[in-house]
Amino acid sequence: MAIAKIIVSGPFGSGKTTLIKHVSDEQFSGKDVPTTGALAHLKSMTTVGLDFGILNVDDDLDVHLFGTPGQSRFNFMWNILSKGALGGVLLVDTASDRALAEAQEMIKTWGSLENFPLVIGATKQDVPEAVTLDALTEILDSKNTPMFSVDARKREDNRMLVMALLQEILLAEQGENEMDVLDL
Amino acid sequence: MPSQEQISTELKHISLLRKTLIEKQALALDFKGMDWSGKLSLADGMIETNDEALACLKYIFSQPIFSFSWQPLASPLASPLEPKFAFYRSLWGMEIDDHRQTIYQEAFSKLPPVHVKAGTLFRLNIEDMNQYKKLYHLGLDEKGVRISEYLDVADSSRALYLRRLRIVLTCYCLGQLIPVNNQNRKMSMAAKILARLRRSS
C-alpha cells in the first residue's frame with residue numbers, strides 16, 4: 001500500500017479543518033480546544049495537534065491529508081510534514097491583516113522547498129474588507145502560483161482546490177508543447 | 001457561414017500572438033485592418049504597454065485583420081507588462097459583432113477537448129472570476145472540456161457569452177488551454193488521486 005501526502009496549511013481560522021473534512025473518506029480531527037490569548041476573540045475553539053484525513057484511492061493507494069495547526073507557534077512542523085508530500089494547499093483569509101501577514105511567512109517557507117507544488121485558496125472574498133486577488137498576489141509575491149477565490153463552507157470549492165493541485169502536477173508531467181494542436 | 005479557410009485567415013494573427021507570447025520571442029508584430037493599422041512589441045512573454053498597444057490588442061480580437069507581419073525586435077521593451085494585465089485592460093469592454101462571433105464559434109468548435117492550466121489570471125471582478133472557475137472546473141473532467149460547449153450559452157445571454165469569450169481568448173493566448181492527452185500510460189500517483197476525486201464528485 002502506497003501512501004501519498006498532501007499538506008493543507010494556512011493561518012489561524014482559514015478553513016483547513018473544513019477542507020480536510022470535505023475531501024477525506026475518513027477524518028481524524030485534531031483536538032479542538034478553547035482558543036486562548038490574543039486570538040480568543042476571533043474564534044472560540046481552535047485545533048491543536050493535527051487535522052488528519054484519509055482518502056482511499058484504491059487497494060494500492062491512500063492519500064493522507066495533513067492540516068497544520070494555524071497558530072504560528074507550530075510553524076516548526078511544516079518542514080517535517082512536507083517531507084514526501086505531493087504538494088500543498090495554502091488557505092488565506094483575505095479579510096484579515098493578521099492572516100495575510102502570517103501567510104506571507106508561510107509561503108516563504110514553502111517557496112524554499114524544492115519540487116513542492118502549491119495552490120492558494122483565497123477565502124472570505126465576499127467580505128468588504130477583503131483584499132483583491134491581485135493584491136493578494138502582490139502581498140504573497142506569488143504571481144506564478146495558481147490562486148482561486150473559494151468559499152470554505154462549500155464542499156465543491158474545497159475539492160476543486162485539491163483537484164487543482166493534482167492537475168497542476170499532472171500537466172507539468174505532460175509538458176505543454178502541443179502548440180499546433182490548438183492553432184485556430 | 002464562413003469557410004474554414006476564411007476562419008483560418010481571419011484568426012491566424014491570434015495564433016501568431018499566442019506563439020510569440022508562449023515562446024517568449026522578441027518580435028514586433030504589425031497588423032493591418034480595413035481602415036486601421038497597429039503594432040505590438042513583445043519580448044520574454046511580456047507586452048510593451050502604452051495606449052496604442054492596448055488599442056491594438058482590442059482591435060485584433062474584435063475586427064478582421066487583413067494582413068500582418070513580424071520582424072525581430074531591435075530594442076528591449078521600455079515598459080513591459082504581463083499580458084494578463086494588458087488583456088484585461090483591452091478586452092474588458094470589447095465589442096464583438098455577429099460575424100466575429102460566428103468566426104470564433106466555428107474556430108473554437110474545432111479545437112480538441114482541453115484541460116485548463118490554473119494561473120493567477122487577471123483583475124477579474126467576481127462575475128468574471130466565477131466564469132473562469134466554471135471553465136476551470138469543467139476542464140478538471142478526465143475528458144477535458146470542449147470550448148464550444150463552454151461558449152454555448154443561450155442567445156439572450158450575450159453579456160455572458162462575451163464574458164466567457166474574453167476568458168477563453170485570454171487563456172488561449174497565455175497558453176493555459178492544454179489539449180487532453182489521450183495516450184494510455186501508467187497512471188501516476190497524482191493521476192490516480194485525481195481520478196478518484198472525479199468519481200466521487
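Some housekeeping. This is a predicted model, where local features need pLDDT of at least 70 and side-chain atom pairs count only at pLDDT 80 or more, while totals for chains, interfaces and linings use all residues. Residues are numbered from 1 along each chain as its sequence is written, with chains lettered from A and ligands numbered from 1 in the order in which they are written.

Back to our strands. L27(B) has L42(B) in β2(B) as its bridge partner, and four residues sit between β1(B) and β2(B) in their hairpin. Next, β2(B) pairs with strand β3 (residues 46-48) of chain B, again antiparallel, over two bridges. There A43(B) stands opposite M46(B). This hairpin has two residues between its strands, and D44(B) in the turn has a positive phi of about 55 degrees.

Now please look at L165(B), in helix α7 (residues 158-173) of chain B. Is L165(B) buried or exposed? L165(B) is buried, because 23 other C-beta atoms lie within 10 Å; the cut-offs are 20 or more for buried, 12 or fewer for exposed, and partly exposed in between, with C-beta atoms placed from the backbone. Beyond its neighbours within four places in sequence, L165(B) is in contact (C-beta atoms within 7 Å) with I96(B), Y104(B) and L151(B).

How values were computed:
Contact = placed C-beta atoms within 7 Å. Pairing = 2+ DSSP bridges.
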